[in-house]
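Visitor: I'm new to this one. Can you walk me through it?
Guide: Gladly. Here it is.

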Amino acid sequence: MEYTTKILIADESAGERQILRESLHRAGYRLIDEVSNGEEALQKLRHSRYDAVLLDLMLTRMDGIGVLRAAKGMENGAERSPVFLMFARAANQTMIAEALSAGADSF
């Protein structure tokens, strides 16, 4: 089964993006865009509508929380904002709480 959910992956590591993309493909998702830094993520979010965003906390040019806050403040005409799923290789409770208070749907 193929899903029409449009997903954005934001992670600096090409290897991590590949793992996520392949996992999503195996699950039936095909509409997947990728970016390698926070500025690119925000540009994609400004110009396209996504159903879900997999967002690394530790991005360059703008960290994941900065992207999340900027995206939550945008008026893009969509009926609803995307689901934001934050992740990080190493995170503490403070980082998780900050991401959730900034509007992440899950960490």
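Guide: What follows is a short tour by question and answer.

Visitor: What am I looking at, and how are residues numbered?
Guide: This is a predicted model, where local features need pLDDT of at least 70 and side-chain atom pairs count only at pLDDT 80 or more, while totals for chains, interfaces and linings use all residues. Residues are numbered from 1 along each chain as its sequence is written, and side-chain values use heavy atoms, with hydrogens and water left out.

Visitor: Start with helix 3. Which of its residues are buried?
Guide: Gly64, Ile65, Val67, Leu68 and Ala71 are buried in helix 3, which spans residues 64-72. Buried means under 20% relative accessible area, exposed means over 50%, and partly exposed is in between (1.4 Å probe, protein chains only). Helices (H or I, at least four residues) and strands (E, at least two) are DSSP runs, numbered from the N terminus.

Visitor: What covers them?
Guide: The cover includes helix 2 (38-47), strand 3 (52-56), strand 4 (83-87) and helix 4 (93-102). Contact means heavy atoms within 4.5 Å.

Visitor: Now helix 2. Which residues are buried there?
Guide: Gly38, Ala41, Leu42 and Leu45 are buried in helix 2. Seen down the helix axis, the buried residues fall within an arc of 95°, so they line one face.

Visitor: And what do they pack against?
Guide: The buried residues of helix 2 pack against strand 1, strand 2, strand 3, helix 3 and strand 4.

Visitor: Which residues meet between helix 2 and helix 3?
Guide: From helix 2, Gly38, Ala41, Leu42 and Leu45. They meet Val67, Ala70 and Ala71 in helix 3.

Visitor: How do the axes of those two helices cross?
Guide: The axes of helix 2 and helix 3 come within 9 Å and cross at roughly 20°. That makes helix 2 roughly parallel to helix 3. Angles under 35 degrees count as roughly parallel, over 145 as roughly antiparallel, 65 to 115 as roughly perpendicular and the rest as oblique. Axes are lines fitted to C-alpha atoms, for helices over the stretch in contact, with angles from 0 to 180 degrees between N-to-C directions.

Visitor: Is the crossing left-handed or right-handed?
Guide: The crossing of helix 2 and helix 3 is right-handed. In a right-handed crossing the near helix is turned clockwise from the far one by less than a right angle; anticlockwise is left-handed.

Visitor: New topic. How many salt bridges are there?
Guide: A search of the whole structure finds six. A salt bridge is a side-chain nitrogen of Lys or Arg within 4 Å of a carboxyl oxygen of Asp or Glu. Side chains of opposite charge can pair when their charged atoms come close.

Visitor: What does arginine 30 pair with?
Guide: Glutamate 2, at 3.8 Å, N to O. Arginine 30 lies in strand 2 (residues 29-35) and glutamate 2 in the segment before strand 1 (3-10), so the pair ties together parts 28 residues apart in sequence. Arginine 30 is partly exposed at 36% relative accessibility, while glutamate 2 is exposed at 58%.

Visitor: What else is glutamate 2 in contact with?
Guide: Leaving aside neighbours within four places in sequence, glutamate 2 is in contact with Gly28 as well as Arg30.

Visitor: What about arginine 17?
Guide: Arginine 17 forms a salt bridge with glutamate 34, the closest N and O atoms being 3.1 Å apart. The pair links helix 1 (residues 14-26) with strand 2, 17 residues apart. Arginine 17 is buried, at 13% relative accessibility. Glutamate 34 is partly exposed, at 29%. A network of salt bridges links Arg17, Arg21 and Glu34.

Visitor: Which residue does glutamate 98 bridge to?
Guide: Arginine 69, with the closest N and O atoms 3.8 Å apart. Here glutamate 98 sits in helix 4 and arginine 69 in helix 3, 29 residues apart.

Visitor: Last stop, the loop between strand 3 and helix 3. Where does methionine 58 reach?
Guide: Methionine 58 is in that loop. Leaving aside neighbours within four places in sequence, methionine 58 is in contact with Glu12 and Met95. Methionine 58 is partly exposed, at 47% relative accessible area.

Visitor: And what is phi of arginine 61?
Guide: Near 65°, a positive value in a residue other than glycine. Arginine 61 is also in the loop between strand 3 and helix 3, and is exposed at 59% relative accessible area.

Notes. The arc is that of the directions from the helix axis to the C-beta atoms.
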